[in-house]
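Below are some notes for a colleague who is opening this structure for the first time.

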Amino acid sequence: METLQKLYKHLEKIYHFNSVVSLLSWDQETYMPERAFEHRSQQMGLMASLIHQLKTTELQEILKDINLNELQRRDFLIVKRVKQDLDKWSKIPEKLAVQLTEVTSQAQYYWDKAKKNDDFDTFAPYLEKIVSLKIEEAHCLGFEQNPYDALLEDYEKGLKASDFEKVIRPIVEEFYQKKSNSVLTTNPFKCTIPAYEQLKFANQFIQDLGFDFRRGRQDISSHPFSNAISIHDIRITTRIMEEDLQYMLYSTIHETGHALYEMGLNTELLGTPYSETCSLTIHESQSRFWENNIGRSLPFCKFLASKLQEYLPQYFSEVSPEALFYTLNEVKPNFIRTESDEVTYHLHIALRFELERDLVNQVIQVKDLPTLWKEKMQSYLGIIPPNDSLGVLQDVHWSAGLIGYFPTYSLGSFYAAQIYSHLKSLYPDFDFHIEKGNFDFIHQWLKENIFSKGRMFYSHEILQQATGNPLLPNAFKDYITSKLELV
Ligand code: CO
């Protein structure tokens, strides 16, 4: 069908434009010289304007000639989703899309500066602009009661703030009391290893997990991220603390989980929902699955111990898998979300979720954030960060306009727990394979049951198809309870 081919060609064109934007943004966060940031934000703004036209007026013109009822199943699923995308994209005026892109591009520069200098005021005016543009966006997109719902929807279709509260509250209540189980063990990760040796180790280790360097690379940035520039060019970043290998290693495993998802997507029909990732929830389920469910398990610690001895023998001539396991599963409040254990992590998410929701509802203001952050840290985690760099300035998300993103970390973790226990029930020798570093069967299962579905289904549909169940309320609780019994 000619119009269908025309649609696919057009979507591929958008894909190429988006991949140029991804490359610009990767460069900005890694190697771009400081003074280039103004010009970069103009480049990004121009790209946003071009892409907006492609995604709205031009796309609409092509779609109007396609009749859903005449399509084969795969084409039907793709076109159905693209029509929904068009509806959504058309609600955002071009001017707003450009403004958001320009401001967030600048804001990331000022956030980075503010974080380095522990100076929230440098960043505050940019965050104010972002919040007001996001409120405008929420009104353009539409919502029933809560404007924050319109933003959540961008990351997880159908998710409402009130639903998330219901999911997260029991976790907060349940684990609030259990937040410290300090295990007495020496932390094997604490030894001074120069940055270049850590990076070399990471490069070797992530290949063992399945990362393909012919289609990706790893660099350093202020906040670890993964950025799929194209299907064959997936870039991840990490950060290094020379006296603690865990700091680099577990953010690397997290980003590798994201990269493995992107590397396992369908390679045909680029730019269509057939070859795209489903949602941020599924994305974070993959990163958190490798970082936590696999990465903090005892069998994995046995594998990790053998690799530490092999790749870094001068630091790890002897290392006990049990000591790694206890260290990695110590439940202890941390100022930093990305360094938190699997339990207290969700208290960090609850805190951010509440602040975002209240900002978008204009119940609180940007200038109140540093104080509110400390108050909530005290009430949820019992610790108060000594400065804003270790507090409200720690995450890149708000500077990038990613308001409504944080809940997907918790949801993703709950999805991951369910996927993990399903896999363990399918493969009786699961632990044995992990211990030996044989991950191929997992890659294959994930590809077949999750990656190959692209974005043709919603997250909850994919979870149901993959595990035979909707999100089970106890999936995470059962997983973490049985884990904590071991430590
Ligand atoms: Co992530």
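1. Terms for angles come before the helices. Angles under 35 degrees are called roughly parallel, those over 145 roughly antiparallel, those from 65 to 115 roughly perpendicular, and the rest oblique. Axes are lines fitted to C-alpha atoms, for helices over the stretch in contact, with angles running from 0 to 180 degrees between N-to-C directions. Helices (H or I, at least four residues) and strands (E, at least two) are DSSP runs, numbered from the N terminus.

2. The model is predicted: local features need pLDDT of at least 70, side-chain atom pairs count only at pLDDT 80 or more, and totals for chains, interfaces and linings use all residues. Residues are numbered from 1 along each chain as its sequence is written, and side-chain values use heavy atoms, with hydrogens and water left out.

3. Helix H15 (residues 407-426) packs against helix H18 (residues 459-467) at an angle of about 15 degrees, the axes being 10 Å apart. H15 and H18 are therefore roughly parallel. Their crossing is left-handed, a term used if the near helix is turned anticlockwise from the far one by less than a right angle (right-handed if clockwise). In contact (heavy atoms within 4.5 Å) are Tyr415, Gln418, Ile419 and His422 of H15 with Ser459, His460, Leu463, Ala466 and Thr467 of H18. By class, this contact has four nonpolar, five polar and no charged residues. Here Ala, Val, Leu, Ile, Met, Phe, Trp, Tyr, Cys and Pro count as nonpolar, Asp, Glu, Lys and Arg as charged, and the others, Gly among them, as polar.

4. H15 also meets helix H19 (residues 475-486), where the axes come within 8 Å and cross at roughly 70 degrees. H15 and H19 are therefore roughly perpendicular. On the H15 side the contact involves Ser413, Phe414, Ala417, Gln418 and Tyr420, and on the H19 side Ala475, Phe476 and Tyr479. These residues divide into six nonpolar, two polar and no charged.

5. Helix H1 (residues 2-30) and helix H2 (residues 37-63) have axes that come within 10 Å and cross at roughly 165 degrees. The pair is therefore roughly antiparallel. The residues of the contact of H1 with H2 comprise 15 nonpolar, six polar and six charged.

6. Histidine 254 and histidine 258 are separated by about one helical turn because they stand four residues apart in helix H9 (residues 245-263).

7. Leucine 372 lies in helix H14 (residues 369-381). Leaving out residues up to four places away in sequence, leucine 372 touches Leu355 and Ile364.
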